[in-house]
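Let's take a friendly walk through a protein fold. Have a look at the sequence and the model below, then read on.

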Amino acid sequence: ATIIYDISKRKKNEKDLRENERALAALMEHLPGMAYRCLYDESWTMNFVSQGCYDLTGYFPKDLVDNGKLKFSDLIHPDDRQLGKDEIEAAISTHTPFEIEYRIITADKRIKWVWEKGEGVFNETGMLLFLEGFITDITDKKEQEQKLEASRENYKNLTELSPDGIYILGDNDRIFFAK
């Protein structure tokens, strides 16, 4: 007796899965930052880290996955470790996404500001399985913000400490600012 099964649907599903995996890998490779999946533990043990990890941190993904060479928590600036943990804990308790900014110390000892957006992934009973998210470099943005704030402070000091009256004219010689 011979039994014949039609496996064309299974073959199509396998082909579709391979194409989806290829597309996802291509997207991950071109992100300006790093996608991750990690455990919610003291080390932020990474289960997955995209290739953007190297450009962001100076470490290869294998250096961070399963705490290979170092723990992700070791990269976070010591002054920022508790802040991020508190915000993530609050998001986990409410099953909402989180967004945080903090500093990391790269492999070459530079300090970078990063922005992270992520969320907890829970099972059907509500138990946290892991965190997934994305981290990107915002150092240039933070430096521009600091320069703008310093410029505002200088302008404020100039106008407040000046013994002379100061005014700024706008369009049609309208007084825009006066002190």
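In what order do the five strands of the open sheet lie?

## The sheet

The order is S2-S1-S5-S4-S3, and the pairing is antiparallel. Strands here are DSSP runs of E with at least two residues, helices are runs of H or I with at least four, and both are numbered from the N terminus. Two strands pair if DSSP finds at least two bridges between them. S2 and S3 are the edge strands with a single partner each, so one side of each has no neighbour in the sheet. On average, neighbouring strands are turned by 25 degrees against each other, direction ignored.

S1 and S2 run antiparallel and are joined by three bridges. Tyr-36 stands opposite Val-49 in S2.

## The core

The largest nonpolar core has 24 residues. Such a core is a set of buried (under 20% relative accessible area, 1.4 Å probe, protein chains only) Ala, Val, Leu, Ile, Met, Phe, Trp, Tyr and Cys residues joined through side-chain atoms within 4.5 Å. Among those with the most contacts inside this core are Met-34, Phe-72 and Tyr-102. S3 gives the largest share, four residues.

Tyr-102 touches residues including Phe-72, Trp-113 and Ile-135, not counting residues up to four places away in sequence. Contact means heavy atoms within 4.5 Å.

## About the model

This is a predicted model: local features need pLDDT of at least 70, side-chain atom pairs count only at pLDDT 80 or more, and totals for chains, interfaces and linings use all residues. Residues are numbered from 1 along each chain as its sequence is written, and side-chain values use heavy atoms, leaving out hydrogens and water.

Methods
Buried means under 20% relative accessible area, exposed over 50%, partly exposed in between (1.4 Å probe, protein chains only). Axes are lines fitted to C-alpha atoms, for helices over the stretch in contact, and angles run from 0 to 180 degrees between N-to-C directions.
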